[in-house]
Each structure stands twice: as structure tokens, then as C-alpha cells.
Amino acid sequence: MKLGIVFGILGCLALAQEHPPMVPPAGPGVFTAKPLGRDTFKLIVAGHVFTSRPEIERYLAYRAARLTVDKGGQWFTLKEDRAAGETAVPVPVRDPAGARYSFRMNYFRPVWRYKLTGAAEWTRWSPFSGAPFPAADPKTMSDFEVSAEIVVRKGPMDDADPLAFEAWAVSDLLVNQVSPPK
Amino acid sequence: MAVMGLPFLDCFLNSKGQAQTGGRPLPTRFGTFFWGCGLTHSLWIPKKAGTDWEMTTQLKPLEPFRKKLNAFSGLRVPLDSKPNGQHWSGLAAASTGIAPARSGEFESKTIDQQVAEVIGKGVRFRSVAASASGDPKQSYSSLGGSNALPAEATPLSLYLRLFGAGFQDPTKGDWKPDPRILLQKSVLSAVAEDRHRVMQNLGAADRARMDQYFTSVRQTELQMEAELQRPTIEAKVAIPEAPSKDILVNNAWPNLEVVTPLMARLGAIALATDQTRVFNLSVSSPQNQMFKPGDPLGFHQSTHEEGVDPKLGYQVRVAQYNLESMQLFAALLKELDAIQEGDGTLLDHSVVMAFTDQSYARIHSVDGLPVLTAGGASGRLKTGYHVAGDNSPVSRVGLTLQKALGVSVDSWGKDSLQVRTPYTDLLA
Amino acid sequence: MLQSTLKVCCVTLLAVAGAEAARWEKGYVVAFYDPAYRFGGRADYSRGTDIEPGVDCPRGSTVHFAVPQQVAQSLSLVRWRSPKEVEELANPPATGLTRDPAGVYFHTWRAASAFRGWNREIETYINPFAAEDPGQPQVTSRIGEGFNLDGKVKPGDFVSPDGEKGIDNQLYRAWGCDAPWRGANGNGTLVLRSNDKMVEGLYTIVVRISGNKDPMNDDEATLEIGYSPDQIVKDARGNVGADYSYRLLHSEQYTKLKARIKDGVVETEQADIHMPQIAWFENQTRDAFFRQGKIRVAPNADGTAAGLVGGYRDFRDLYTQNAFAQSGGVQGVREHEDHVALYYALRRNADGMYNPKTGRYDGISSAYRLKLVPAFVVEPDKPMDIPSRISEARRRQAFDVTAAATIKAVDTLIPQPVPAGSGELTATDGIEIGVGGVPIRGRGGRGARATSSTEEKAKGPSDERR
């Protein structure tokens, strides 16, 4: 057990160094939240230095949760951004894996667009298209944007909706894991 | 180098002062049987008390021994200010008469050791413990504190302890004292003779320590004396061949079904041949890990996880494990009762106390702890009774058994578990 | 003059004597104490050994760590575990005569459950927020017991069985489907167990009601509740005996409240209440602190009474009380509850003790039932404090350090390591838990697992019993 504790302590110290406990402020233009309606927002996280897909998507999820809290909501739903033909990944049905009574982070699936070094055009990547991420080496990305449209909601969460996310819980879960991209 | 004869000890007398067999008494033996996680109230407690009790589902395996059995229901385990150490307080209270302050510790010698002090002298082993599920630490025989006397954990190790090196078969005509014992004894005697001179030059504390030392020397001497004398036996038994070392010993029910009778037989032969007079057999730890292949939970985990069938009113799988625990107890009794000696069987000349740790394992309850005894203590204990729900402390059973075994004790236990009145109706 | 003065004095004395004669007092000892979770199924209905789902929990009680499929679902939320690893953990090899399936499942699952954070090194039960929520089924029925603590009628409030609206008992909403606490007639495992331990002497609660008017109608009565150092006395049938004497300590677990009595029903003012909390291990015995609390006592015809105590309780107290008597994993696997899910459910339903620093609620409305048996409640001869059991000091310390680490973690959201001496990761049956949720053979003990080798078992005593 002692060994376990030592590992635990060392691990957490390492964690504390790698991930500051509170999320540092984002640089200009990294995060934008554009209102599309009274409770609907288009969120975009943009950057130039690609780290990893989960890391950047988690930062977007964290910002979605914080925005929900700031707007007085308890939960938000993600509106999946499916372009025509992006059906390789099916639309999740209610309670897809049986009773959950909670949210599932793996249903937070934002859409990407990026530019590879030297390219002038944006390339779209959808998690619903079935295409691997991304087609080219992500380390060669010079610009990227990850976006999600969310609806801020109040009251008890619809826990059978796979696209519903509990704001405080998402925020607490991610607060130590995320930092804004550069 | 003189060989000293044993003094004539009380335990050599039988209770009624009757003529002794062959000039030496047929000893009364004591045994314990421990199983974990108790029984199911509604399935083991007979509705009727006295001798006319109806056989119940969970006592059914003991039916052949019903007339030699006593069942005690409704026993209390008052803990006073002690914590309820789950899976511990009940077993410690039953075996010491004291609610323990700490889990895993006994606050006195366990009953088998208290009894062994009286009846266990003059034989090779003061007591022997065996664990049918293969764990040498699975022993509830203790001199007090957190240490238990280690159990023999395989049939082979039990066999070797009892009938291996140093064993002289008393059933054979060529019995003679082991020369190694004679040599050891001479060394000890030389040490003991210096006692007076050594003690004169010591302070009080050191004298106390030396006293303890010489006491243990004396005990060793007594044991050697015993080993230098041919045990007198009445039973017609043959020492069996050594069991295979390949027998699988663990908590699997099919293995317990094989190992328990095997160990019981070895223990019975050891008692019959007067190698020991106290034999302790446990078939599980208090958190009974017995399992059936294919059962994902096993006994203990089922007590916590299995739901109570609302119609039946009990946990079905747990009830089956309870029943099987009683089958294992029956296996021990069968071996003891199979050996004829004198005017009865070895079981008739013994008392076995079967005890457990919980009365309702699902919630770690101890009040209502089931205790069963078997054997008539050479006629000193009446049997065939269901002593029902009289709300006595569990220690009353232990006091009664000690009285039946001739232990000179006025009261037994501590605090609310202290009892002065045995079940006098059971004492012959 | 003298005569009239004497007359006045006599009248005054008589008046005083009359007032003295009207003073009355009733005492009770608590014989049953459980959370006011209203079971919505039928007591005599079952599906096998499962109790009826009922209107309270339409999908039944929790099934955490009950079957491999559920365990696989839960562990699949841990992103550093591969699907293959999850499958192996959910279905540990445990067949044949040589393996003990109970031990393999139990230790594999409790070990894996203790490391579900976003990083392999984070112990989950001390840092529940760092694991994804496995989900707790919540009570869906509208009827619930308790008090209207905030004086409002809100959408999520319950209606009491006798029709009162606005009942605040969000603890029932959050935890009412939790397997060990759910059942008909107080038949949940931990309900039974905690009451068995209370009656066995783990702790005693007494209530004293007094006044100067009519015991059936008194608007200036007093209700006291608190810890008694005297163990509950059972009658010959093993029930809690009536009319025994108990001392009431004026300790940190004592409260005196103003009360009004109408037609025999006592209802106190709303104030902070300190009294013993439910416990089934000594290390859990401590103050249950109800904010804005209230007590109601309704007499029964046989002299007993039904009590209800409610108020807002700190979610951190509730979480640690339930999780750390032994360890989160041991209790979770054994009782089919998941403390991570319970944590999230508490936070989700918290509705009191607003914390302006965080903008969140730290308290949750709650109610507990008390069955009261008549007793003589008396003052101790001399002031005394709640006695402590020295033999339980190590376990108490284990609870305290673990709870402190958890509170620090949830307050700061910085994952905390397992503190030295904590019961988390301690060997059970000689099995310790390594980082990442790996069961490892630790120190054996008497009665330790038979699957271990003799040499391993001979190392020393185990730390904990299940």
C-alpha cells in the first residue's frame, strides 16, 4: 500500500505540474461564442498549434459547460453538425446503451476544419463522415477550428438524451485537464 | 538419567469415579468445528424446544446424530462498550466468553486451550488444529491476542504432524520410546536441576521471567514423559496410509467435500490413539469463501449481494451454502461416531462445539448466534436437546461444556458475557 | 394587613405550585433510524430476488457492480483503458476448482473501480469529480416524506403522504434508488445493518419533550435530542425495551429546540440541529448537522411515537459518511452502489447552503425517520463528553484523513493523493490495490484467501475485514 501511496503522490504532483488546476485564460481569438438565438450558441475554438484531437475537443466542451453555467443553465445539448452524406456514424438514439442517468462525453462530437501548412483552403472533417482524423498528418496543420452548436437549458437534465451534458459535472471533470490551444 | 513417571492427574479420572479401563482412564476429548457466516434463522431453528424438536431444513444433515446433538438458539452476544467487529466479535465471544476490543484478537485463551490445560496434558499434542480450506492461519485456537495456533492446512501435513516423525503406533506390539526424546529429556532435566541455584541470584522481574521459562520447561518435560509412555487405547483403529500430496485444498465446495472428511478421519484417529485430546477443525474463514465452480459470488459475497426472496423470506443461495456447512459438520461427526471404544463411540466420549461468527451474515448481526454441540462427554453431558431462545449469553454454552469436561470453573466470560450458571439440566 | 399579605403569599405559592404541577416531560429512545426514502414497490412482490421497481424507481434499484455487463459499461468510461482491458476486467477468469470466483470478481472489480479518473494515478473515491459519472437512477415519484424547509412550492418538490406540498427531500430524489438503502419496511441492507448496530450498542439517541401546559396541546414546549452514553436495552424478545433510563449528554450532538404541540403532534421551530448520524461502523459515528432543521414527533396509540427529522445536510458529510467506513470499492461492489454516481447525484440535487464563492449549493435537503420507544431521559450525574473507543482509533483516523482529503479535493477540484493511514487501498483479505486499479497480493491474515500461497499468507495480519 505504501508503494501505492507514493506512486499516488508522485502521480498527482506530476499532474499538478502538467495540468495547472485552473484553466489559464485563452489568447485572443482562441474561443468565440456567437449567439444564434436566445439560448443557442455557436462555439468555436481556434488555434495554430495542434496538440491532439481529444485535448482540443475537451477544451471546447469545458467552454460549453462554463458558458452554460454563466448563462444560468444547468445543462446543454449539442446540436450535431451533420452535412449531407455524413451518415457513416448513426445518429444516437435515446438511451443508446441502456439506462444512463447521466451524460457521456463520447457523444460530444464537434466538427473540425483545418488548413495544412501552405494551403489556402480550409478542409472540413466531420466525426460522422467515417473518414479517419484527419486525412493528412495533423502535425502539419497551420490552422484549425473546432466548432459546436449548443443549446443552454435549465431544470432537470433529460438524461435519456445522449446529446445532453450536465454543465457543472462537465466543468468539474475537465477543469484540470484542459488549457486553451495556441 | 532417570525416567520420571507422570503424576496421577485428575483428568485421568472419569466423572463417576468408575473403574478405569486397563488401569488408565478412557479420556474425554474436546473438539471445535468452525464455519463462517452462520445459518439462516428460519431454516435452522426448530420451533419446538426440548428433546421433541422437529428436524429443520438446515439441521437435516445432522439427522443421524440427532440424539447426540444439542442445538442452542436465541443466544445473545452482548458487546457492552466493545465494537461489533464484523465477522469477528461473534466467534471470539463464543470461543472466549469475552467480546473483543479489536477485530482479529482474542482477549483470552480460546475454549479449546482452556480445556486442553486440563484434559490435554500427558499426550503428544496439547491440541491440534486443521484447516480444511488450505489456510494455516485459518485457526480459531489461540493462547490469546492476535496469534492463533497454526492449523495444518493439507491432509498430508495433518497426517505428518500426527503420524509422521516421532509417532509410535500404540496399536502395534513393538512400541518403544523414541531414543531422541530420551536424549532431549536428559538435557532438560539437567537445566531444571540448576533452577534453585539460578533463581537465588535473580531479582523479582527476572525471577518471574525464569519462572515462566521453567514452567515451559516443565511443560515440555511432561509432554516428553507422555511420549515415553505407551498410550492406552481402546479403539480398534489402524493408522491409514499417508494422503496424497496432490489433493487440492481450497474453498471450492467439491474440494471441501473431499478434504473435510479426510481431515476429520485423521483427527478422529489421533483422538482415538490418544495422540491428542483436543482437535479443532475449521472449514472456512469467518468471511466464508466457500464457492461452487460457476458461482460468481461464493458464500460470503452472496450473504451481502444476494437479495432476500420476498416470498421465501431468505437468501436462497446463502441457504444452500449454510446447508453445505452443516454437511461438513456432519462429516466430522460421522468420523468420530464411527470409531467404537469402550461402551460407546469416540463421539460419545467427546464433546464438539460447532460455532460461527454471525447470526445474520447479510448485516453482520451477532445476536442469535447459532451454536451446536455433539457428543456426550463420556456421559457427563445430556444430548438430544434444542435449547430454545432463552436469551442467554453465548458464553453459557462454553461454561456448560467446561463443566461437563471437568474443568474447575465457577464462572466464565467477562462483562455481560460473564456467566455463572451453566445449563444445569444438560449436566448429568 | 398581615393576614391579607399571607393570603396573597399563599395564593402566589399555590399558583407556583400549580404551575409546577403542570410541568410535564416525555422521553423516548430511538429504536429505528433510517433515511426517509419512500419505497414505491409492493412488499410482497419480486422478480426473483429483486424487489419491485415501483413508482419510486421504475427501473429498480441500482445494479452497479452486479454483473459483468454493467461493470464493462462503467469501466468503458475510463478513457485510458482499452476495450480489451475493460472486457477482461469485467469478466475475470474464475472458473474451475482452483480459482475462487468470489475473490477474483470482488477484488478485481473493487480495485478497478478505485481508479477511474482521467489519469491512471488518480484514486477515484477521494476524487470522484475526476471520473466520468456512471449515472445514478433517481427517484421519479412525486410523493415523499420530509418538511417544506424553504417555505416554497417548487417544481422538483415532493408532496407528503398526507398531501402537504413543497416537501424538500432531494436526498431521497438523489439516493432513493440506491440498492442498500431501498426496500420495503426498512429492509434495505444498510438500513438493517445500521439499525442492528445501533441496537447492539454502537450509539444511542434519545429525545426529551417537556412543557408546562397540556402535553397534548402546548405552544411553549421544548424538544431535546442528542447522544446518550447508555446502550439501548433490549427486552427478552430482542426488541428495544420500553421505559428504561438513558442519560442525555449536552454534547456536540445535542440540540434543544422550541416546539409546539397540537393534538399530541410535536413540531419544532426551524433551527440548526445536531444529533448522531446514522452509522454502521464506529468511525462513522459523529454529528449529523441539519441546517434549518426541524423535528416532528407523532404519538402512536401504544405509547411509541413516529419521528421525522429534516434539514439541509452538507453533501460532503453525506458522501464521506457513505463511502469511507471501509473503502469506496469494498462497499460499492458489495452493496451494488457506485459512490461516483452517488457523488454526482448529490451535487446535481443540492438545494441548500448556497455558497456564494462557488455559486453552487453545498447542502441537500433531507429527512430521516425515527421510531421512538418510551424511555426515561435523565441528566448525567456530572457533565460528560461522548466516550471514544480507543480500540477504534486507527479506523477513525483512517476515516478522518480520507474524508479530509476528499473535502479538500472537491473544494479545490485538485485531485488529492491517498493520505497515509487511509482505508482506501488498504488490504482487504490480504489484497491491496496498486496504482491503476490493479489488485496485488499484500499482507495475508488469519482467514485470508485460500488461493494465496502459504508463504504469502504468513506475512502478517490483514488490515480490514469485509
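A crossing of two helices is called left-handed if the near helix is turned anticlockwise from the far one by less than a right angle, and right-handed if clockwise. The structure described here is a predicted model, in which local features need pLDDT of at least 70 and side-chain atom pairs count only at pLDDT 80 or more, while totals for chains, interfaces and linings use all residues. Residues are numbered from 1 along each chain as its sequence is written, and chains are lettered from A and ligands numbered from 1 in the order in which they are written.

In chain B, the crossing of helix 9 and helix 10 is left-handed; helices (H or I, at least four residues) and strands (E, at least two) are DSSP runs, numbered from the N terminus. The axes of helix 9 (residues 298-305) and helix 10 (residues 316-338) of chain B come within 9 Å and cross at roughly 145 degrees. Such axes are lines fitted to C-alpha atoms, for helices over the stretch in contact, and angles run from 0 to 180 degrees between N-to-C directions. Helix 9 of chain B contributes Phe299(B), Ser302(B) and Thr303(B) to the contact, and helix 10 of chain B contributes Arg317(B), Val318(B) and Tyr321(B). Two residues are in contact if their C-beta atoms, placed from the backbone, lie within 7 Å.

Chain B contains 11 helices and 9 strands, and 55% of its 428 residues count as buried. A residue is buried if 20 or more other C-beta atoms lie within 10 Å of its own, exposed if 12 or fewer, and partly exposed in between, with C-beta atoms placed from the backbone.

An open sheet of 7 strands in chain B has the order 3-4-1-7-8-2-9, with mixed pairing. Its edge strands, each pairing on one side only, are strand 3 (128-131) and strand 9 (385-387) of chain B. The twist from one strand to the next averages 15 degrees. Strands pair if DSSP finds at least two bridges between them. Strand 1 (residues 29-34) of chain B runs parallel to strand 4 (residues 278-282) of chain B, with 5 bridges joining them; Phe30(B) has Val278(B) as its bridge partner in strand 4 of chain B.

Strand 7 of chain B pairs with strand 1 of chain B in the parallel sense over 6 bridges, and Arg29(B) stands opposite Ser350(B) in strand 7 of chain B. Strand 7 of chain B is also joined to strand 8 of chain B by 3 bridges, in an antiparallel arrangement. In strand 7 of chain B, 6 of its 6 residues are buried. Ser350(B), Val352(B) and Ala354(B) lie on one face, and Val351(B), Met353(B) and Phe355(B) on the other. Helix 11 (residues 395-404) of chain B lies across strand 2 (69-72), strand 7 (350-355) and strand 8 (371-374) of chain B, at about 170 degrees to strand 7 of chain B.

The largest nonpolar core has 253 residues; a nonpolar core is a set of buried Ala, Val, Leu, Ile, Met, Phe, Trp, Tyr and Cys residues joined through C-beta atoms within 7 Å. Helix 8 (residues 253-272) of chain B gives the most to this core, with 12 residues.

Chain C has 11 helices and 15 strands, and buried residues make up 57% of its 466 residues. Pro417(C) is found in the loop between helix 10 (393-412) and strand 14 (431-434) of chain C. Pro417(C) is buried because 24 other C-beta atoms lie within 10 Å.
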